[in-house]
Structures are given as C-alpha cells and as structure tokens.
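Subject: Structure handover

Hi,

Here is the structure I promised to pass on.

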Amino acid sequence: MGLYGMMRTGVSGMAAQANRLATVADNIANSNTTGYKRAYTEFSSLIIPGTKGSYNSGGVKTSVRYAISQQGPLQFTASSNDLAISGQGFFVVKDASGSPFLARAGTFVPDGAGRLVNAAGFYLTGYSYAGGPPAIVANGFDGLQVISIADFEVAAVPSTLGTFAANLPADADIVPAGQRPSDNAANSQYSTKSSLVVYDNLGGKRIVDIYFTKTAAHEWEVAVYNQSAADPDNAFPYSEPALQTGNLEFDPTTGKLTAASDQDITFSVLNGQPVVIDMSSMSQLATDFNIHTSTVNGSAPSSIEEVKISGDGIVSALYKNGAEKPLYRIPLATVQSPDQLAVLPGNVYTQSPSSGEVKIGWPESGQFGSVVSGALEGSNVDIAQELTNMIESQRNYTANSKIFQTGSDLLDVLVNLKR
C-alpha cells in the first residue's frame with residue numbers, strides 16, 4: 001500500500017480523534033444537565049493483512065458508548081416533585097404521543113392538567129390505585145398511566161377498618177334476656193357503652209353507639225346502633241334496628257377471647273361501605289371498663305395540601321385534615337445491559353438489540369433502587385477528566401496530521417522523480 005496507505009492511516013487517526021473530541025464537547029456542554037450520562041469513545045485497531053516483507057498500514061475504528069449505569073451525584077432541592085433514583089433503574093416516561101421511554105432525569109413539575117412533566121417534555125407514568133393496590137406488569141409497559149393529581153383536589157375517604165380494644169369488668173351484673181340492647185326496647189339495659197366516629201362514602205360523619213352487655217358468666221353481647229336514630233331522652237328505643245350484633249366469649253382463666261368468640265364486628269352506615277372493627281384484643285378482667293385502643297380509618301372531604309412520594313414509589317395525597325390517600329405507584333425499569341441502551345434526544349433511552357428486554361419492578365425491591373423525593377441526579381461528567389481527554393486528543397490529532405503531511409511530502413518527491 002506504501003505512501004497511500006500511510007496517508008489513509010493518518011486520516012483514520014484524525015477521524016478517530018475527531019470523534020473523541022465530539023464526545024468530550026457533548027460531555028462538557030451537558031455537565032450541568034440533570035441525569036446526563038457521559039459519552040466516551042472506544043478505539044480498536046484495523047489491521048490489513050500484508051505479505052512477507054511488506055506491511056500494509058491499517059487504521060483505527062471508533063465506537064461511542066455511554067456510561068448509563070454509572071450513578072451521578074444526588075443534588076437536593078426544595079421541590080418534592082423533583083425525583084432521583086438511588087441505585088439501579090429508570091423512570092418510565094411517555095412523550096405527547098404516548099410512546100414509552102426510560103429516563104433518569106426527574107425534574108418533574110405539574111402542567112396545566114396536573115400531569116408531572118420533566119424539562120424535556122416527557123410525562124412520568126405509574127400504576128393507579130383507583131382499583132385498589134396495583135399489580136405490576138413485569139415485562140412491558142401495559143397498565144402504566146401518566147401521573148396526574150388534577151382529579152384529586154377534593155376527596156373523602158370512607159371508613160372501612162377500625163380497631164377497638166377495651167377491658168370489660170368481670171364483676172358486671174348479668175342483664176336478663178328481653179332487656180338487652182339487641183331487643184331495642186324502652187327498658188333496655190347494658191353493662192357499658194362507647195361510641196365511634198365513622199365516615200360514609202361522601203365523607204359524612206356518622207357516630208355509632210356500641211353497647212357491651214353481659215349475658216352470662218364470661219359471655220357478652222355487642223350491639224351497634226346509629227346514634228342519629230336514638231331516642232333524644234333515653235336512647236332506647238332507637239328508630240332503626242341495630243346495625244349489627246355479636247357475641248364475645250372470654251376464657252375464665254386468661255380473660256382473653258376464646259377461639260369460638262367473634263373476633264370482629266361488621267356493620268354499614270347510610271351511604272357507607274362495610275366497616276370491620278377488630279375486637280380481637282378485648283379482655284375481661286376484674287377492673288373497670290377501660291378503653292386501650294379506639295381507631296377507625298376514613299376522613300371527611302378535604303383538599304390536597306401536598307403530594308408525597310415515598311422511597312418505594314407510592315405517590316400519596318396529603319389532605320389538610322391530616323388524611324393520606326395513595327394515588328399512584330411509580331415503577332422502575334431496567335435491562336440486562338443498561339450501557340447498551342439506545343440514547344435519544346431529551347435525555348431518554350429505549351431498548352436496543354444489545355441491551356436486552358425491559359424488566360419492570362417496584363422501587364426498593366430486588367435489584368431496583370429507591371426513589372428519592374426532593375432530589376435530582378446530576379450529570380456523571382468529570383470536567384477535569386474531560387479537559388484531560390481534550391488535550392490528549394488534540395495532541396493525537398496533531399500527530400496524525402503530521403503523518404498525513406509527511407506522506408504528502410514523500411508523494412511529491414516520488415512524483416518529481418520523473419522530472
């Protein structure tokens with residue numbers, strides 16, 4: 001190949017260094033871009049077979065790669081909508097047409113419709129809690145919705161679960177049949193009573209009266225009534241039947257409920273869902289009536305005060321009345337070889353033949369990292385290293401140009417031999 005081959009090799013070297021300088025330029029330009037992953041150039045030799053006593057100069061090939069799997073530094077902010085990932089994984093985002101992509105850039109802010117969108121115009125997605133706790137689709141993007149808080153400005157949470165734990169006095173008198181609260185008669189008697197606040201489907205506050213009546217040794221009746229139906233003077237009789245009745249049976253040795261006893265009681269109020277009150281911790285001891293625990297979930301209508309995003313990806317609305325309601329859960333995605341993902345404009349990625357298939361999972365489970373609210377992942381570019389690479393590539397480019405110039409000069413000598 002001779003002089004022509006030498007000149008071609010010099011051009012190959014200059015082109016390779018130009019590629020490297022291009023990645024250095026991109027890295028320096030994006031050193032402050034949230035979630036940016038540095039590009040770098042890998043070199044491999046190009047060998048051309050020669051014959052004995054003759055060497056054919058080849059050249060150099062380049063391939064551009066990205067340090068996508070390398071974590072950038074976390075930079076904390078004042079916005080709870082700013083999200084970062086500590087560990088492995090990517091957010092699943094969608095563009096305006098609904099096409100899914102992977103991203104680490106979490107500069108999300110609500111748009112006019114309440115959708116969380118980042119600086120590049122990609123919308124954060126998650127699984128909705130509208131139908132209950134969501135199930136994940138492990139190998140695809142099906143079921144993912146753009147996260148929006150616009151529809152949750154005012155909400156009520158109906159009561160569904162509660163806990164009531166108290167001690168019933170073991171020495172209480174037995175109330176005869178026909179005079180117990182379950183009979184709802186004017187002369188109804190009871191051993192002790194308490195009340196609970198519950199909320200219906202519209203957030204209406206309802207108060208229920210719970211009567212505990214000793215019916216035999218170590219046996220008690222529980223009767224639940226809607227307080228609004230009580231007689232204004234004597235409570236009994238109520239204008240409505242009991243919402244529910246049950247029976248508690250205590251072990252005479254331990255004072256705890258037996259296995260045969262009711263462990264909970266379920267009732268419904270007007271416009272309400274079934275409310276299950278756990279009474280498994282009730283006791284019967286020789287002391288006064290004493291309530292240990294009395295809690296019921298649910299809340300009255302209230303507007304959202306703020307949105308909280310936890311480390312496991314649950315997006316919850318915090319209401320002004322102190323209630324908390326899960327709205328969405330953010331999944332994370334990954335592939336077998338993140339560094340082989342295809343890089344697209346807007347600092348997003350998509351799978352390629354070399355990256356492997358997308359796998360979806362919950363944050364803080366398995367190989368997936370955690371979601372950090374109020375933080376952003378900075379660029380993983382090291383400016384000092386990029387400047388060093390720039391100087392090195394500049395010198396190598398100059399050296400390769402000298403090879404080309406030398407070949408050109410020698411080619412002129414060869415041409416002038418004929419003159």
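There is a nonpolar surface patch made up of Leu411, Val413, Leu414, Val415 and Leu417, which together have about 470 Å² of accessible area. Patches here take residues with over 30% relative accessible area and no salt bridge, with nonpolar side chains (Val, Leu, Ile, Met, Phe, Trp, Tyr) joined within 5 Å and like charges within 9 Å. The areas are Shrake-Rupley values with a 1.4 Å probe, and for residues only the protein chains shown count as cover. Val415 sits in helix α2 and counts as partly exposed at 47% relative accessibility. In these notes buried is under 20% relative accessible area, exposed is over 50%, and partly exposed is in between (1.4 Å probe, protein chains only). Helices (H or I, at least four residues) and strands (E, at least two) are DSSP runs, numbered from the N terminus.

Before you go further: this is a predicted model, so local features need pLDDT of at least 70 and side-chain atom pairs count only at pLDDT 80 or more, while totals for chains, interfaces and linings use all residues. Residues are numbered from 1 along each chain as its sequence is written, and side-chain values use heavy atoms, with hydrogens and water left out.

On to the charges. How many salt bridges does a search of the whole structure find? The search turns up seven, a salt bridge being a side-chain nitrogen of Lys or Arg within 4 Å of a carboxyl oxygen of Asp or Glu. One of them pairs Arg20 with Glu392, with the closest N and O atoms 2.6 Å apart. That pair links distant parts of the chain, 372 residues apart: Arg20 is in helix α1 (residues 2-29) and Glu392 in helix α2 (residues 383-416). Arg20 is buried at 14% relative accessible area, whereas Glu392 is partly exposed at 40%.

Another joins Lys37 and Glu377, with 2.5 Å between the closest N and O atoms. Lys37 is in the loop between α1 and β1 (39-46) and Glu377 in strand β29 (residues 375-377), so this pair ties together parts 340 residues apart in sequence. Both Lys37 and Glu377 are buried, and together with Arg104 they are linked in a network of salt bridges.

Lys308 and Glu324 form a salt bridge too, at 3.1 Å between the closest N and O atoms. Lys308 belongs to strand β21 (residues 299-309) and Glu324 to strand β23 (residues 324-329), so the pair ties together parts 16 residues apart in sequence. Lys308 is partly exposed at 34%, and Glu324 is partly exposed at 44%.

Now the rings. The structure has 13 aromatic pairs, where rings of Phe, Tyr and Trp (its six-membered ring) pair if their centres lie within 6.5 Å; planes under 30 degrees apart are stacked, over 60 edge-to-face, and the rest tilted. Tyr211 and Tyr225 have ring centres 6.2 Å apart and planes at 80°, so they are edge-to-face. Both Tyr211 and Tyr225 are buried. Tyr225 and Tyr238, with centres 4.3 Å apart and planes at 20°, are stacked. Tyr238 is buried as well, at 5% relative accessible area. Ring pairs join Tyr190, Tyr211, Tyr225, Phe236 and Tyr238 into a cluster.

Last item: Arg329 lies over the face of Trp362, 4.3 Å from the ring centre. For that, NZ of Lys or CZ of Arg has to be within 6 Å of the ring centre and within 35 degrees of the ring normal.

Cheers
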